[in-house]
Amino acid sequence: MSKSDFSRRGVLKTGALAGTGLALPTIFTASSAAAFTNDPTGSSVTLGFNVPQTGPYADEGADELRAYRLAVEHLNGGGDGGMMNTFSSKELQGNGILGKEVKFVTGDTQTKSDAARASAKSMIEKDGAVMITGGSSSGVAIAVQGLCQEAGVIFMAGLTHSNDTTGKDKKANGFRHFFNGYMSAAALAPVLKNLYGTDRNAYHLTADYTWGWTQEESIAAATEALGWNTVEKVRTPLAATDFSSYIAPVLNSGADVLVLNHYGGNMVNSLTNAVQFGLREKVVNGKNFEIVVPLYSRLMAKGAGANVKGIHGSTNWHWSLQDEGSQAFVRSFGTKYGFPPSQAAHTVYCQTMLYADAVSRAGSFNPCAVVEALEGFEFDGLGNGKTLYRAEDHQCFKDVLVVRGKENPTSEFDLLEVVEVTPAAQVTYPADHPMFAGGALGSCNPGA
Amino acid sequence: MDAILLQILNGLDKGSAYALIALGLTLIFGTLGVVNFAHGALFMIGAFCAVTVQRLLSLSYEMVDESQKDFLGNPLKVKTPYVESWFGPEIGGTIIDWAVPIAILFAIPIMVLIGFVMERGLIKHFYKREHADQILVTFGLAIVLQEVIKYFYGANPIQTPSPEALSGVANVGALLGMDIVYPVWRIVYFFFSVAVIGAIFSFLQFTTFGMVVRAGMADRETVGLLGINIDRRFTIMFGIAAAVAGLAGVMYTPINSPNYHMGMDFLVLSFVVVVVGGMGSLPGAVLAGFLLGILESFASMNEIKSILPGIDQIIIYVVAIIILLTRPRGLMGRKGVMEE
Amino acid sequence: MFGLDNKDTRMLIIVAVLTLFAPFILNPFPTGSAMAQFNAGYPDLMQRFVIFGIFAIGFNILFGLTGYLSFGHAAFLGVGSYSAVWMFKLLSMNVVPAILLSVAISGLFALLIGFVSLRRSGIYFSILTLAFAQMSFNLAYSVLTPITNGETGLQLTLDDPRILGVSATADGSIPVTSLFGLEMRSTFEMVVGPWAFQFNVGYYLCALVLLAAFYLSIRIFRSPFGMMLRAVKSNQQRMNYTGLNTKPYTLAAFVISGMYAGLAGGLMASMDPLAGAERMQWTASGEVVLMTILGGAGTLIGPVLGAGFIKYFENIFSKINDTVLHNWFAFMPDGLEDFVVFIVHPFIGKGWHLTLGIMFMLVVVFLPGGLVEGGQRIGKWVKGRKNKDDSTSATKTPAE
């Protein structure tokens, strides 16, 4: 495997310096000036899968890795091909990417921006990865996206839900398939209106960091547009484990809906605590008290057990979808691993396929060619219906699922049921929407 | 008024977990002089005792049900727990439902045993070493313990519900003519921890064994010279301290679903509690536990947060700094303990 | 040389050789071979080795000399990184002002925290520093987001108002950090047969700073000031009885070590212009404590070794996965191969924490003086064997 350098200019400069200062033996060769970072010149191409393997999101990371392995297997022609068969673009032949065998390296983000960048850098500098993908939190995704932009490789974001990833922190080399806070709100609002009416008082508990804020802003705006009143927005520390002292004041606040803008472990605990305090049985102003969890994760929801029953939220994808693509994916994932994939697994599988397809269509691994191929790309058959990779902000626009905790689950995976599939048109927003303003894509960076 | 009473109640309830963990930490420090960074891990292992008991009780056999399909379209395998088939669904279901209280019986011997093994196998060799070394080795142990748990149980939280009869809410304000509802299990947790704390104190106060241990805490050498095998008693105390942490963990599981890093989440906090209470002082640890619980609850009230934004993030540390600067030995500590 | 005695000069030279030739030393395996997984000679990791080495050297000036165990040192590193990134955002992409500012600001911050915390000693001091650092972390993550950019970390953007320099380069990217035009990220690659060695400008800047920091630390250790600090460690009370106020000395040590941390933070931001709040978390402070003790607290070289050890584990072991394992053991019969992979599996990849935990315990239990003691023992053993061969001098083994 040959490797090239981080920056061609740098090489030339250093090379010239060394050339004049030292009489170089012939074995000293700066590798030929490649057109872009980590141009795969051998018979294989290396992708970098950067997921949390330690820390609270380790299980989601593990599920993402499973999906990546499956995707690599399918790309190299193994297995049953999964969603490659249902994908509307037929460029991928099962012979790797552009005839090069797909290899991968894995790394641990630890769900920390620093560690994630270190891991991504080692993939780029040491292993010659031409694309980095993964992540299970927005902070990490944004940090790694910034790095990939500087280094000149493509970043295909994994699970990241913050508006900022394709909003004020968007980057030309970064792409997001997953949905975002605004879309969650836009999808949930009509369902909430049908279920709970237009005269409601909402109380927000929000994780006190960037993702939580954008989520809260989106949901509050969408529900207020329905005529709901926002009673209170309370920020909770990320490190909090017991939310009882934040839940207790809800009891006498006059609110009749509790919105939990929490994710992961925070979500499990705050939901468990809210149910403990009898909020679900409570009646306020003659209306049943309701709890809403805007972003659901099935893997995490398992930790809340029976507490999720009847509680509404949104997800990017769910394994019980009946379309051809979803079923093909569930079948190959389920056959290989024995349980259905999570939404994190789905989104990273799609991202890998989309990248491989874009490279094939572009006929080159050059990041700028890939960006061009992905921008404005319309596709279908990957489980979310017709989807558009919008050129202006590199965000996918597709249907969003509104789900509910199932009352009578038949198995340990059967936790959520799909209530409504909100069509893409309803969650689409203009690229210059104020919640996404303040950043610029910049221009694509091929590195070298 | 209701809101304030509710937060006091909430503080007591939060504080009872802090007090139990800090009590165990202080027992180990007071008797053995060891700074145990693995104490949070013991709390976590206690919680996973409950998870294990729940899993054991719900061990099931599978029967193929042709009428239902699983996610791949194959016939669904319906699971029936063995206890339900042995005792009938009624009694069997109740047994599974009461898994957490049953786990107490299971956790005590396990935790005591883990405590013994830890003390004899590792901690024993560190009595004469520097505190920094103790911290490093117990921190290493904590990482190992939590990674082992993660290997077997995964990283996601695992739900372990309280018995049906003890979930739901109770109106505790009814006696005072007020409307203060509070989750039953949290009230149970509070009384449980008060009972455990009471038991530990009376054990130390009223038994000969306890008397010797207290004497040993005050002056280990003299007690040793009197021909009493103080080391063995200290080993037993380590086992008891581990059991206290474990029990705190078992009973905590219905409040928040346990995960492998819950011990680390409590670690820093419990050290702050111990220091605020006074290193080596058992009543101090308990008092500080409840006090910090209540302060933390108040700090999370919106009325207070609107005056001091972010105060709930740092209240514990602010209190620690104020106490240490104004009253260096903590609330009830003796002078000179751990000063160098 | 440089005012050092022979032994210290030798040590400084050894460190200099090790750091300057690190791209060779850390890349012993040919690229493309199965063992290449263990190569650590790529710019990012080499930079990290050196930066955390500086951090640990600084920590050791406080802990190794005075015995004051700070559990909040990561806060200074974090403050240093934030200052450096702000300098890049506002002033220029040159690393010099950024590093100077980060050292100055973290020095000030250390003065403030040290002044308060040093009123107590022992574990009370540790908890005070821990409390300050955790407060900084919690606030940086949430309330102080306008300054720190919270969860995401402070990054450069295309619309930074850079006074000396451009907001964005001509081709629409964010400019890169440089030393008077010499880009930090530029790398020269040398291919020798199957080996590829990478020489990175940023790494060599860090390495030079490390050498300066190491030299300064030797001077401090050997100075009357260092002697005074050691006296504080052995018996502070007696020092006080002699009528000497020890606080200025300990405070000076605290501030110096805080500035070292700030220097490390500034360098880190210079290599990769991002400052995340996690850098200030108590686990990060714990990490530098572990590095120092693991390497050998109070020794000169120990902290650097400890830093390298932990960072190596974090970056190399976490990247080994089952596919890699199967490649390594492919020569074995199938059943055996699977078995070996099964045995090794829990310790690599997502299990790297487990391996690290076990290593901590082993080192502390068997090598109380840290890795340095391990080295000394090996040295003695080798010496002992040599002496045994030479029977006449066997009895004359010098006592160390």
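Colleague: What makes you say that residues of chain A are in contact with residues of chain C?

Modeller: Two residues are in contact if their C-beta atoms, placed from the backbone, lie within 7 Å. By that test, 50 residues of chain A are in contact with 46 residues of chain C. This is a predicted model: local features need pLDDT of at least 70, side-chain atom pairs count only at pLDDT 80 or more, and totals for chains, interfaces and linings use all residues. Residues are numbered from 1 along each chain as its sequence is written, while chains are lettered from A and ligands numbered from 1 in the order in which they are written.

Colleague: How many residues does the contact between chains A and B take?

Modeller: 38 from chain A and 38 from chain B. H7(A) gives the largest share of chain A's side, six residues. Helices (H or I, at least four residues) and strands (E, at least two) are DSSP runs, numbered from the N terminus.

Colleague: How do you know what span to expect of H5(B)?

Modeller: The expected span is 1.5 Å times one less than the number of residues. H5(B), residues 131-153, has 23 residues, so 33 Å is expected. Its first and last C-alpha lie 32 Å apart, close to that value. Just after H5(B), Gly154(B) takes a positive phi of about 80°.

Colleague: Why do S13(A) and S14(A) count as paired?

Modeller: Two strands pair if DSSP finds at least two bridges between them. S13(A) and S14(A) have three, so they pair, and they run antiparallel. Phe377(A) stands opposite Tyr389(A) in S14(A).

Colleague: What makes S13(A) an edge strand?

Modeller: S13(A) pairs on one side only, and S15(A) does too. The open sheet has the order S13-S14-S15 in chain A.
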